[in-house]
Amino acid sequence: MDLQKLQKETIEKLLLLNQPKSKTTKTKFVNVKWKILIYDTRCQSMLLPLFKVQDLKDLGITLHFNIKSKRESIKDVPAIYFVAPTEENLSLIIEDFSNDLYDNYYLNFNPHIRKGSLQSLARSLVDLNMIDKVSSIYDQYLNFYTLRPKLFELGLTSTYYKLNTSVNQEEVEFLLEKIAKGIFGVFVTMGVIPIIRAQEGNAAEYIAQKVSQYFEQNLNPKNVNSQGGGSNNKLFLNPLNSLTGNFQRPVLILVDRQIDFNVLLHHSSTYQCLVYDTLKVESNRVGLRTKKDPNSKSKNEKENEENEIETKGIHEYEILPFGDGSWQNDPNEKKKWDVNWYDLSEDDPFWVENRTRHFPEVLETISNTTKEISEKQEYITSTNTLNLNKNNENENEMEKGQGQEQENTINSKLLKNSTLDMIEKIDIIPELQRLKSQQEKHTKLALYITSQLESRQLDEFYTNEIMVMKSEYTTSNEREEIIKLIKLKKGTANDKMRLLLIWYLSKAEISEEHLEKIKSVAIKNNCDISSLLHFIEMKKFSLNSTLNNNSSKGVFKTFGRMIGKGLDNMRPSNSGKILPITRIVSSIMEMKGEKNDSPNKSFLYLDPKVSSSFKNSSIPRNKTPYKEAIVFVVGGGNYLEFQNLHEYSQNQIPKKSIIYGTTDIINADQFLNQFNNQKK
């Protein structure tokens, strides 16, 4: 299953006015109609990992605009709208009709438009006498971002904090329904109906029930609802084997972030995780800032002048908050910096090959690539030694008086060899240019990461976190070592809090005296302990829940119970390589649920094809090990988890297919800042 490819093909169909596409080559479409694309910010972000400007041109998109931008009237060209059906967007669409900007409108709402909103839009267009200009209206189920073929997120930020601290049940349920609709859209795009397994008693269970309801509503022709206008069983008419390669249904596995906090907090040693840990990456692009030369224009400024069209519309990027981000708020300070953008996509062979390797190995590979480039450059600039030798032979023969015929023969051979040598060198140049561009990018990223490793002493935190998780310290030594690291001048406040939280979550009991001492040290060293206070409160709640089953906080009762009983989950397995989520997925896919010690023993089982009137225990269950799974983490996921699941799937015989999804891909800083930012 390649979810990224499926989403891209769905959007291509949308951009081709829902007409069948025909290609003469892999990239060029024939008989395309010139069109204008109008999107909102969220839909624009969905396009970023999938399309370059040239891709849009190949699809006939000559211009593309944000719906909020000022636009002039353009006649005789269809206008495609790809927007969310919000009140603001609908008002802007009506305003476009009122100003008669275009001749034909192709409206695509993502996610689907509610029946009441659609009726209101229709009435407005009738009043404007513009209804005949609407060529089509489509519901799209593309409200997710595919970052890789088997990786997606919903782009919903701070979901962990919102779900586990809010006491407003309506707000929480609204967010959960939003998550459920996003997951449902993934399966609409895939054209498959999964078996659903979900953690009981938490957000995952609520979302599982909602996703199952959406399937039932769209599969049962008797269902009519005010949100979608009725059932739509055409969404799942595609034969299952046409997309997944087999007739077995995949399994959707829903888990809550509480199954493993260490994976978010732990400092990792792989190239991929260090990039996402030390830099901010959005839509598979990462930026580095460097000081400008005050006497000359920056490389970026020159490129922007030469490629002004390319930098507008879909590829218009906001400057990311490097460092503490304060330099961005000062216009004069911003002028002092260059920002270089780098793609980290499947089109970069070095990134694909090396991203999961340990960083020291990547440094060695970069060094070897540098040598390879030098050798190729030397070869291209070198003089052909064979030609020199032949030239000497020619002179010797002439000295011996061999005659004109011999001279012509030798000159002919020299010309032929020289031509072949030149052709060979010319053939090398494109590959050399690609290598140099690739090398420049990864050298800069590696240098930045190395500087972060040294300035923040990340290796110390990494080593100590491993020792804490494996219980290799004695209790007293452990506390003293953690206090020592917190007092270090190196490392950010969040680096220190990550270690502190890993230590706290790994302990079943901690005396108040020791906890207060560590809290005091953390505060004195400028650490924001909001996240620690959250987990302390949840542990207390866990104890109260055990003593009194009727106690509750917020929407879910079992959060604290997960914290209290999750100690084993938060420690690495004996091998140190299998994460808790991978153990759960393995157990479900291999059908190990009947064992008492199985990680998925308490997981809910739902089959959207079976009526919800059946009780969980009475649903006929699949008895064959699953070949394909979609694993979704509620509350934030990261690349280490994705990498671990991918390695597990590739090590199986036969190989399994696992797609990893989450509410939002986050690093440790983003996770902790959910708590820290509440004070600001």
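## Side-chain pairing and model confidence

Glu480 has a relative accessibility of 44%, which lies between the 20% and 50% limits, and therefore counts as partly exposed. In this predicted model, Glu480 forms a salt bridge with Lys517, with 3.9 Å between the closest N and O atoms. The two residues lie 37 positions apart, Lys517 in helix α21 (residues 512–524) and Glu480 in helix α19 (residues 475–487), and the pair thus links distant parts of the chain. Lys517 is likewise partly exposed, at 44% relative accessibility.

**Confidence**
- The mean pLDDT of the chain is 80, and 73% of the residues score at least 70.
- Among the elements, strand β15 (residues 657–662) has the highest mean pLDDT, 98, whereas helix α24 (residues 567–570) has the lowest, 36.
- Residues 304–327 stay under 50 in pLDDT, and the model gives this stretch 48 contacts beyond four places in sequence; residues 549–576 are also below 50, with 70 contacts beyond near neighbours in sequence.
- Where pLDDT is low, the predicted coordinates should not be read in detail.

**Further salt bridges**
- The whole structure holds 23 salt bridges, one of which joins Glu88 and Lys68 at 3.5 Å, N to O.
- That pair spans 20 residues, from Glu88 in helix α4 (residues 87–98) to Lys68 in the loop between β2 (61–66) and β3 (79–83); Glu88 is partly exposed at 46% relative accessible area, while Lys68 is exposed at 54%.
- Lys656 forms a salt bridge with Glu590, with the closest N and O atoms 3.2 Å apart.
- Because Lys656 sits in the loop between α26 (639–650) and β15, and Glu590 in the loop between α25 (580–589) and β13 (603–606), this pair ties together parts that are 66 residues apart in sequence.
- Lys656 is buried at 12% relative accessibility, whereas Glu590 is partly exposed at 26%.
- A network of salt bridges links Lys75, Asp100, Asp103 and Lys133.

- Tyr276 belongs to helix α11 (residues 271–278) and Trp351 to helix α14 (residues 349–354), so their pairing connects parts 75 residues apart in sequence; both residues are buried.
- Phe535 and Phe675 form a tilted pair, because their planes lie at 55°, with the ring centres 6.3 Å apart.
- Since Phe535 is in helix α22 (residues 530–547) and Phe675 in helix α27 (residues 668–676), this pair ties together parts 140 residues apart in sequence; Phe535 is buried at 0% relative accessibility, and Phe675 is buried at 4%.
- One aromatic cluster consists of Tyr271, Tyr276, Trp351, Phe359, Tyr639, Phe642 and Tyr660.

Key. Residues numbered from 1 in each chain as written. Heavy atoms only, no water. pLDDT = per-residue confidence, 0-100. Helix = DSSP H or I, 4+ residues; strand = E, 2+ residues; numbered from the N terminus. Contact = heavy atoms within 4.5 Å. Buried < 20%, exposed > 50% of the residue type's maximum accessible area, 1.4 Å probe, protein only. Phe/Tyr/Trp six-rings, centres within 6.5 Å; stacked < 30°, edge-to-face > 60°. Salt bridge = Lys/Arg side-chain N within 4 Å of Asp/Glu carboxyl O.
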